[in-house]
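Hi,

Here is the structure I said I'd pass along.

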Amino acid sequence: MTLRPARKGSLAAFAAVPYLVWTAIFILVPLGMVLWFGFTTPEGGFTLENFQGVVKYAGVFWKSIRLSIIATLICLVVGFPVGYLMSRMGEVGQRTMLMLMMLPMWMSFLLRTYAWMTLLEREGLINRFLGLFGLGPFSMINTQGAVVLGMVYNYLPFMILPLHSIMIKIDRSIIEAAQDLGANSLHVLARVLLPLSLPGIITGVTMVFVPSVSTFIISRMLGGGTNLLIGDLIEQQFLGSTYNPQVGSAMSLVLMVMILLIMGIINHFDNGEMEGMLV
Amino acid sequence: MAKLIELKNIVLSYEGDRILDNVSLSIESGQFVTLLGPSGCGKTTTLRIIGGFATPDEGDVLFEGKRINDLPPHKREVNTVFQRYALFPHLNVFDNVAFGLKIQKLPREEIRQRVLSMLEIVDLKGFEKRRVNRLSGGQQQRVAIARALVNRPKLLLLDEPLGALDLKLRRDMQLELMNIQRKTGVTFVYVTHDQEEALTMSDVVVVMKDGVIQQQGRPEDIYNEPENAFVADFIGESNIFDGVMEADCKVRLCGRTLTCLDGGFGENRPVDVVIRPEDIDLVPPSDELLTGEVTGVVFKGVHYEMAVQCGGLQWLIHSTDAHPVGEQVGLSFGPDDIHIMKRLFEGSENVLRGEVTGEDEVTFCDVSFERPGLGLPEGTPVELIIQPGDIEVVSIDHAHLTVYLESLIYKGDYNELVVWTGGRSLLIHSYLDQQVATDIGIRFDFDKIRIAPWKGGETV
């Protein structure tokens with residue numbers, strides 16, 4: 001039998017066709033349609049009026065971004081130590097922790113968020129429990145805090161996973177070297193752990209921020225009618241009473257541009273400094 | 001000279017294994033001390049205890065007379081060069097070296113000057129802006145040394161720092177390290193398993209095995225006067241034979257009584273006799289000398305390595321003159337070339353305690369065998385005497401007992417193995433070569449075990 005080099009990537013290229021077709025039909029075409037709707041009147045003429053409609057909702061945009069940033073920061077602060085601890089655990093410990101984190105994901109997103117409603121309600125479990133000690137009742141549901149909580153709860157694993165996978169690659173001797181050179185825990189964190197985890201932080205932040213800023217389920221279920229986010233607005237333009245796909249498309253475009261901008265800024269920190277860090 | 005660091009009776013166990021067993025060591029200021037031993041001997045653990053990365057279960061660590069057992073690493077005036085350098089991959093050469101100084105919050109200009117002059121010492125001038133993962137192994141090594149030394153520690157710990165370098169570079173770096181040590185006057189504690197490296201570089205060599213210090217002293221003393229057969233075997237090549245000390249300065253070897261310079265072993269005591277291969281001259285045979293036949297010659301570059309069969313033993317001889325295979329030669333060496341050592345294993349046979357556990361059945365070390373006609377009641381303690389040659393080394397699947405091989409020394413016509421099992425050691429003579437510090441299987445020749453009533457004492 002003679003070994004002949006396979007034609008480069010022929011099979012791979014062939015196998016990629018279904019996805020490429022899928023991308024073309026279900027991603028590129030709809031994107032084009034959103035662009036088209038965003039810049040046209042219902043009659044089909046070019047207009048920028050739709051974007052004036054967006055300006056009215058600047059407050060909602062700002063609130064979405066603010067809440068998402070808060071949720072992302074909380075995820076980072078909570079997830080970083082967890083990711084670090086996990087990365088220093090033994091094989092079994094790491095697998096157990098990963099399992100525990102994945103477990104809730106086997107349940108429906110809706111169901112999980114719905115569960116928080118019953119917990120946070122005025123007559124919910126938490127208030128009833130606090131009531132035993134004569135505390136409350138507190139109004140927790142339908143607040144911005146509840147929305148942030150929902151975001152953190154649902155997206156925290158997406159922060160921990162990339163952090164964990166980058167941190168297991170940090171050799172223990174590098175941390176020992178820092179301690180050896182006089183670094184206390186704070187120095188080790190600021191000068192070694194954080195910079196070396198940066199790629200994981202960036203991935204984690206992206207994976208928490210993007211779905212948070214565009215969510216509409218969490219805000220509708222936990223935020224009540226008073227805490228509409230962009231996602232809810234867009235949804236209303238397409239499915240709600242204020243049917244207006246032109247304005248909805250314009251909103252989506254603005255949101256997209258904003259996400260791209262923010263991601264661009266975040267990714268700027270990762271300017272190739274880490275290249276080849278994992279020797 | 002002042003004592004810089006002292007270890008006093010350090011004991012450290014990990015998951016039931018004793019990593020360090022009563023290690024005491026004292027290091028003086030300005031010395032270059034090397035911890036030498038095979039892997040798993042506890043040398044790196046000793047270093048980690050000094051650096052603060054491991055805490056001893058028992059014993060004290062003293063730094064300039066003060067106990068520092070519980071002082072965390074970042075508060076110790078000690079810096080470490082790690083085995084695989086452990087450079088910070090996100091920082092360039094300058095920032096790696098400046099790391100410790102920046103934490104001390106020294107003025108910028110002072111940091112710059114100290115880093116630059118340190119980079120000059122390690123021959124890395126002009127590399128400040130380089131990324132560390134773009135450097136060669138030798139260059140990374142020098143960054144690691146500069147990063148540690150720039151803090152002007154009183155003590156520098158080096159954990160097999162040259163292990164990843166090729167031979168030529170190793171030699172260069174050895175000389176460079178010695179130069180740096182002399183220039184800076186910093187005390188170095190250096191860990192290696194390479195005996196040549198240890199002998200070349202050190203003022204003091206500490207030989208370790210199984211968590212116990214075997215010998216410490218000047219390199220010349222370690223080489224010329226090894227304390228036991230393990231040290232002799234580990235440091236350089238040696239002829240190690242069984243001998244009997246008839247009286248002070250008289251040792252019996254190969255059927256002759258030879259004059260040596262050692263004494264104090266008592267009369268007719270079995271000992272290990274060590275003669276270095278380069279201390280033996282091959283001369284024409286004569287009656288006063290041990291004589292033998294050359295059985296092998298290998299050219300080694302500087303010298304010839306010859307095997308000589310003499311008195312039933314195989315002798316190793318180094319000489320710049322070759323003798324052809326088959327030639328009859330006399331072995332000439334002086335009394336000062338004979339080194340007498342205490343045996344690693346006391347006695348020449350294994351004495352174990354067993355118990356009668358049934359009719360004609362005896363059990364020891366979880367092994368049972370039958371001895372027809374024993375006629376002792378159940379529960380009687382007995383003494384089992386097993387000759388070292390009656391234990392066979394076999395694969396673990398076929399073994400009566402799995403044991404840990406502590407040492408293996410070639411004794412001229414057989415290997416002397418000391419193994420560890422159930423809290424005691426056994427002596428085995430074997431013709432097979434085995435990997436030291438691993439588990440091996442052994443089988444007993446039950447018919448040859450001598451059984452006697454237990455004479456008393458509670459020792460097992």
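The domain bounds I use come from an automatic or database domain assignment. For chain B that assignment gives domain 1 (3–224), domain 2 (229–341) and domain 3 (350–453). Taken over C-alpha atoms, the centres of domain 1 of chain B and domain 3 of chain B are 43 Å apart.

Before the rest, some bookkeeping. This is a predicted model, where local features need pLDDT of at least 70 and side-chain atom pairs count only at pLDDT 80 or more, while totals for chains, interfaces and linings use all residues. Residues are numbered from 1 along each chain as its sequence is written, and chains are lettered from A and ligands numbered from 1 in the order in which they are written.

Chain B overall: its C-alpha atoms fill a box of roughly 90 × 60 × 40 Å along the principal axes. It has eight helices and 30 strands (DSSP runs numbered from the N terminus: H or I with at least four residues for helices, E with at least two for strands). Of its 460 residues, 38% are buried, meaning that 20 or more other C-beta atoms lie within 10 Å of the residue's own; exposed is 12 or fewer, partly exposed is in between, and C-beta atoms are placed from the backbone. Among chain B contacts with a separation of 6 or more, 64% come from residues 24 or more positions apart (contact: C-beta atoms, placed from the backbone, within 7 Å).

Now the bit I'd look at first, strand β8 (residues 187–192) of chain B. Six of its six residues are buried, so the strand is largely enclosed by the rest of the structure. In a regular strand the side chains alternate between the two faces of the sheet. Here both faces are covered, with T187(B), V189(B) and V191(B) buried on one side and F188(B), Y190(B) and T192(B) buried on the other. β8(B) pairs in the parallel sense with strand β3 (residues 32–36) of chain B over five bridges (pairing takes at least two DSSP bridges), and L35(B) sits opposite V191(B). Strand β7 (residues 155–159) of chain B also runs parallel to β8(B), joined by five bridges, with D159(B) opposite V191(B).

There is also an open, antiparallel sheet of five strands in chain B, in the order β15-β19-β16-β17-β18. β15 (281–283) and β18 (313–319) of chain B are its edge strands, each pairing on one side only. Inside that sheet, β16 (residues 290–299) and β19 (residues 328–332) of chain B share four antiparallel bridges, and L290(B) has L331(B) as its bridge partner.

How do the chains meet? 19 residues of chain B are in contact with 20 residues of chain A. On the chain B side, β6 (78–81) and α2 (93–103) each give two or more residues, and α2(B) gives the most, with three.

Over in chain A, none of the twelve residues of helix α4 (residues 91–102) is buried. P157(A), in helix α7 (residues 144–167) of chain A, counts as buried because it has 21 C-beta neighbours inside 10 Å. Leaving out residues up to four places away in sequence, P157(A) touches M101(A) and M105(A). M105(A) is 52 residues away along the chain, yet its C-alpha atom is 9.1 Å from that of P157(A).

Cheers

How values were computed:
Two residues are in contact if their C-beta atoms, placed from the backbone, lie within 7 Å. The expected span of a helix is 1.5 Å times one less than its number of residues.
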